[in-house]
Amino acid sequence: MFGILAEKTGQHVLTVPLMADTDQLTAWLFERYPQLEGIKFTLAVNKQLIHNNTPLDEGVEVALLPPYSGG
C-alpha cells in the first residue's frame, strides 16, 4: 500500500489469505479496513496495472496505488 492507503490502514505490506480474484481481495480489504471505503485506488498485479477483475494465483504481488497527480 502506498500514500493515503498506507496512512489510513497503518500498513505498507500485508500478507493475505489466498483470494480467487481481485474483486474478492478488494471486498476483503474493505471488510478489514472500512476506512478505505470511498478512497479511489488502482490495483497492480505483479507490477501490471489492471482495470478489470483479475484472477490471482498463490504468491502473486498486488499493489494498491492511490490517486496521483502529475505535472
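This is a predicted model: local features need pLDDT of at least 70, side-chain atom pairs count only at pLDDT 80 or more; totals for chains, interfaces and linings use all residues.

Visitor: Let us begin with the helix. Which residues of helix α2 are buried?

Guide: The general idea concerns the helical repeat. An α-helix has 3.6 residues a turn, so residues three or four places apart point the same way. In this structure, helix α2 spans residues 22-32, and its buried residues are T22, L25, T26, W28 and L29. These residues lie on the same side of α2, because they cover an arc of only 160 degrees around the axis.

Visitor: What covers the buried residues of α2?

Guide: The cover includes three strands: β1 (42-45), β2 (48-50) and β3 (62-65). Helix α2 lies across β1, β2 and β3, and runs at about 125 degrees to β1.

Visitor: Could we consider a single residue? Why does T26 count as buried?

Guide: T26 belongs to helix α2. The cut-off for a buried residue is under 20% relative accessible area. T26 counts as buried because its relative accessibility is 17%. Apart from neighbours within four places in sequence, T26 makes contact with F41 and L43.

Visitor: What is found at the start of α2?

Guide: There, a side-chain oxygen of D21 comes to within 3.2 Å of the backbone nitrogen of D23.

Visitor: I turn now to the sheet. In what order do its strands lie?

Guide: Strands of a sheet pair through backbone hydrogen bonds, either parallel or antiparallel. Here the three strands form an open sheet in the order β2-β1-β3, and the pairing is antiparallel. Strands β2 and β3 are the edge strands, each pairing on one side only. From one strand to the next, the twist averages 35 degrees.

Visitor: How many bridges join β1 to β2?

Guide: Three bridges join these antiparallel strands. As for positions facing one another, V45 stands opposite Q48 in β2.

Visitor: Finally, how many aromatic pairs are counted?

Guide: A pair of aromatic rings is described by the distance of the centres and the angle of the planes. The count in this model is one aromatic pair. The rings are those of F30 and F41: their centres are 6.0 Å apart and their planes stand at 65 degrees, so the pair is edge-to-face.

Visitor: Which parts does the pair of F30 and F41 tie together?

Guide: F30 lies in helix α2, whereas F41 lies in the loop between α2 and β1, so the pair ties together parts that are 11 residues apart in sequence.

Terms used. Residues are numbered from 1 along each chain as its sequence is written. Side-chain values use heavy atoms; hydrogens and water are left out. Buried means under 20% relative accessible area, exposed over 50%, partly exposed in between (1.4 Å probe, protein chains only). Helices (H or I, at least four residues) and strands (E, at least two) are DSSP runs, numbered from the N terminus. The arc is that of the directions from the helix axis to the C-beta atoms. Contact means heavy atoms within 4.5 Å. A polar contact is a pair of N or O atoms within 3.5 Å; within protein, one must be able to donate a hydrogen and the other to accept it, and residues adjacent in sequence count only if both atoms are side-chain atoms. Two strands pair if DSSP finds at least two bridges between them. Axes are lines fitted to C-alpha atoms, for helices over the stretch in contact, and angles run from 0 to 180 degrees between N-to-C directions. Rings of Phe, Tyr and Trp (its six-membered ring) pair if their centres lie within 6.5 Å; planes under 30 degrees apart count as stacked, over 60 as edge-to-face and the rest as tilted.
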